[in-house]
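Visitor: I'd like to learn how to read charges and salt bridges in a model. Could you walk me through it?

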Amino acid sequence: MRREQPQINAGSIADIAFLLLIFFLVTATMDYSKGIMRRLQPLNDTIKKNISEVQKRNVLTIFIDNKNNLIIDKRKVKPSEINALIKDFIANPTENKEKSSKIFLSTRKNQELFNKNTEAANEIQRAIDILGNIKTSEGIILLKYDKASNFETYIKVQDIIITAFKELREAMAMQILNKHIDKLNQEQMLALKTAIPVNIAEPDNN
Amino acid sequence: MQGRFIRGNKRLKSIQVLSTASLPDIIFMLLFFFMVTTTFKTNKLLLKFKEPYASETVKIKKKRLVREIIVGYSDKAETSIQINNEIIKLTQLSEYINKIKNEAELSPDNELIFSLKIDKNIKMETVNALTKELRKANALLINYSTLKTNK
C-alpha cells in the first residue's frame, strides 16, 4: 500500500502573492525627482564683489524681460540663437577681444593656490594631467530676469545654457581625448567639467 | 510536460496541462521588484502645479535626502507654498526648513536636497523670494523639478 505523501496545497501561494502584488501596485509610487540641480550661493557679499571684478569681456548677460523675451546685448534673440552665441563666447576660437579671455589651466591652478583653495587647485592639476595644459575660458554667463518673467522661461534659458556647455564639453572630449563623451570614465568626465565649468551667475535681482 | 492519462483506452489520450508550479515564483519576483523600486508617498498634494520642460535633467539618486517644496496654485487660484503637508507663508519658510534639517539628523557629508516643484507660470519674483529664503536658511542644494523632453 503506497501511502500518499501529505502535500501542502500550493495553489493558494499564488493567490497570496497576487494579492500582495496588487496591494503594492495600488499604493506605492515610482516617484522620483528629475530636474536641474543647482547649488545656491550663500547669502553674503563676496559674490557681488566678484561680479564687478570680472572683466566686461568675460560676462555674457542674458536678460529675461517682463514679456518673457530673451535679450542679449540690448537686442531680442530667439532661443535657438542663444546656443551658438554661448558656444562662440566661451570657445572664442578667433581670440576675439570682445569675447571671453582664455587662460592656461596652470595659471588657474596658481590663482586657486593663491586664494588657498587647495582642493580646487588639485582638481585643476588632475585636469591638466588628463587633458594637458590647455587654455580655457574665463567667461561667465550672467542671468538676469525681470520680476514678472515666467519660471518656464527661466528654466528654458537654464536648459539652453546647460546644453551649450554640454556641447562644448563634447567637442573638447572629441578633440583632445578622441572619445565620445558618453564613453569617458569618471576621472576624465571630472577633468572635463573642471576645464569647462558651467558658470552661471545670478545677481540678487532686487 | 506531465500529461494526464485517461484510462480505459488502449490508446492513451494525453491532455497536456501547463505546469503552474512556477507561477508563484514569477509573481514573487514581480513583487520583490515593486517592493524595491517604489516608495510610499506620504505627502498629500494640496496644490495644483504643472512643471516646465527641460532636456538636461538629472535624476536624484539619494531619494531619502530629498525634501519637496511645492509652489503652485490653491483651489482659489492663489500662489501658495507647500512644504511637507502644510501650506505656509513665505515668512515661515526659514523656520520650517530649520525644523526639517534638525529632524533629518544627517551625517556631516550628507546634505539635504530640496526639490522645488514650481508651476511654470509662477513669476520669477516669487521664485526669487523663495530662493532667498532658502539661502537664508542655508539650504543651498536645490533641484528645479522639471519634466523631460528630448530637445
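Visitor: How many positive and negative side chains does chain B have, and how far apart do the centres of the two sets lie?

Guide: First, some ground rules. This is a predicted model, where local features need pLDDT of at least 70 and side-chain atom pairs count only at pLDDT 80 or more, while totals for chains, interfaces and linings use all residues. Residues are numbered from 1 along each chain as its sequence is written, chains are lettered from A and ligands numbered from 1 in the order in which they are written, and side-chain values use heavy atoms, with hydrogens and water left out.

Guide: Now the charges. Lys and Arg count as positive, Asp and Glu as negative, and His and the chain ends are not counted; the place of a charge is NZ of Lys, CZ of Arg, CG of Asp or CD of Glu. On that basis chain B has 27 positive and 15 negative side chains, with the centres of the two sets 14 Å apart.

Visitor: And how many salt bridges does a search of the whole structure find?

Guide: Here's the general idea: side chains of opposite charge can pair when their charged atoms come close. The cut-off is a side-chain nitrogen of Lys or Arg within 4 Å of a carboxyl oxygen of Asp or Glu. Over all chains, the search finds six.

Visitor: Which side chain does B:Glu111 meet in a salt bridge?

Guide: That's A:Arg39, at 2.8 Å from N to O. B:Glu111 sits in the loop between α2 (93-104) and β8 (113-118) of chain B, and A:Arg39 in strand β1 (residues 34-39) of chain A, so this pair joins two chains. Helices (H or I, at least four residues) and strands (E, at least two) are DSSP runs, numbered from the N terminus.

Visitor: What about B:Lys117, which side chain does that one meet?

Guide: B:Lys117 meets B:Glu68 in a salt bridge of 2.9 Å, N to O. The lysine lies in strand β8 of chain B and the glutamate in strand β5 (residues 66-73), so the pair ties together parts 49 residues apart in sequence.

Visitor: Are B:Lys117 and B:Glu68 buried or exposed?

Guide: Buried means under 20% relative accessible area, exposed over 50%, partly exposed in between (1.4 Å probe, protein chains only). B:Lys117 is buried at 8%, and B:Glu68 is buried at 16%.
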